[in-house]
Each structure stands twice: as structure tokens, then as C-alpha cells.
Amino acid sequence: METIFLDDFVDNGIIRESSFRLKIKSIDWEIYKNKNVLIKGCASIEVPTWAYMIITANLSTYAKKILFGEPCSAIKIL
């Protein structure tokens with residue numbers, strides 16, 4: 001299973017929409033094609049709801065299954 005860590009999107013201690021969207025555009029989403037992908041639920045900072053939605057929207061075209069949370073108790077999104 002592939003994992004997306006939301007801490008990778010932190011910019012000076014928070015998730016800023018402008019820098020977040022730039023990082024999202026730079027991701028090669030093809031690497032998730034036909035794979036199970038976990039969006040890791042715990043981050044060192046509070047994550048805005050829109051961040052999860054943007055990641056899920058981008059993954060939905062490629063991933064076989066999208067999950068949210070921790071590996072031991074993940075919730076299926078798609």
C-alpha cells in the first residue's frame with residue numbers, strides 16, 4: 001500500500017492553500033495507478049478538510065482503493 005503523508009505539505013508550520021496546490025500539481029499521480037493508497041490521518045498540525053478533498057479528487061482517477069487514517073484502522077473512501 002502506498003501512503004501519502006500530509007506532513008509533506010506543511011509550509012512554515014501550516015498547510016497553506018497556495019503552496020499546497022503547487023505541490024499537488026507537481027505530483028505524478030500515475031505512480032498510484034491501480035494501487036491501494038492510504039492518506040495518513042495523523043499529521044503534526046491541523047489539516048484543513050479541503051486538503052483531503054483535493055488529494056482524494058486527484059487520486060480517484062488512478063488509485064484502485066483510497067483509504068484514510070492509520071493502517072490498522074483505515075476507513076475506505078473509494
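How many salt bridges does the structure hold? The count is four, where a salt bridge is a side-chain nitrogen of Lys or Arg within 4 Å of a carboxyl oxygen of Asp or Glu. The model is a predicted one, in which local features need pLDDT of at least 70 and side-chain atom pairs count only at pLDDT 80 or more, while totals for chains, interfaces and linings use all residues. Residues are numbered from 1 along each chain as its sequence is written, and side-chain values use heavy atoms, with hydrogens and water left out.

One of these bridges joins Lys35 to Glu2, with the closest N and O atoms 3.6 Å apart. Lys35 sits in the loop between α1 (17-26) and β2 (36-40), and Glu2 in strand β1 (residues 2-4), so the pair ties together parts that are 33 residues apart in sequence. Here helices (H or I, at least four residues) and strands (E, at least two) are DSSP runs, numbered from the N terminus. Lys35 is partly exposed at 34% relative accessible area, and Glu2 is partly exposed at 32%; buried means under 20%, exposed over 50%, and partly exposed in between (1.4 Å probe, protein chains only).

Another bridge links Arg16 and Asp11, whose closest N and O atoms are 3.5 Å apart. Arg16 is partly exposed, with 34% relative accessibility, and Asp11 is also partly exposed, with 22%.

Helix α1 contains a further pair, Arg21 and Glu17, placed four residues apart, or about one turn of the helix. Their side chains meet in a salt bridge of 2.9 Å, N to O. Arg21 is partly exposed at 40% relative accessibility, as is Glu17 at 39%.
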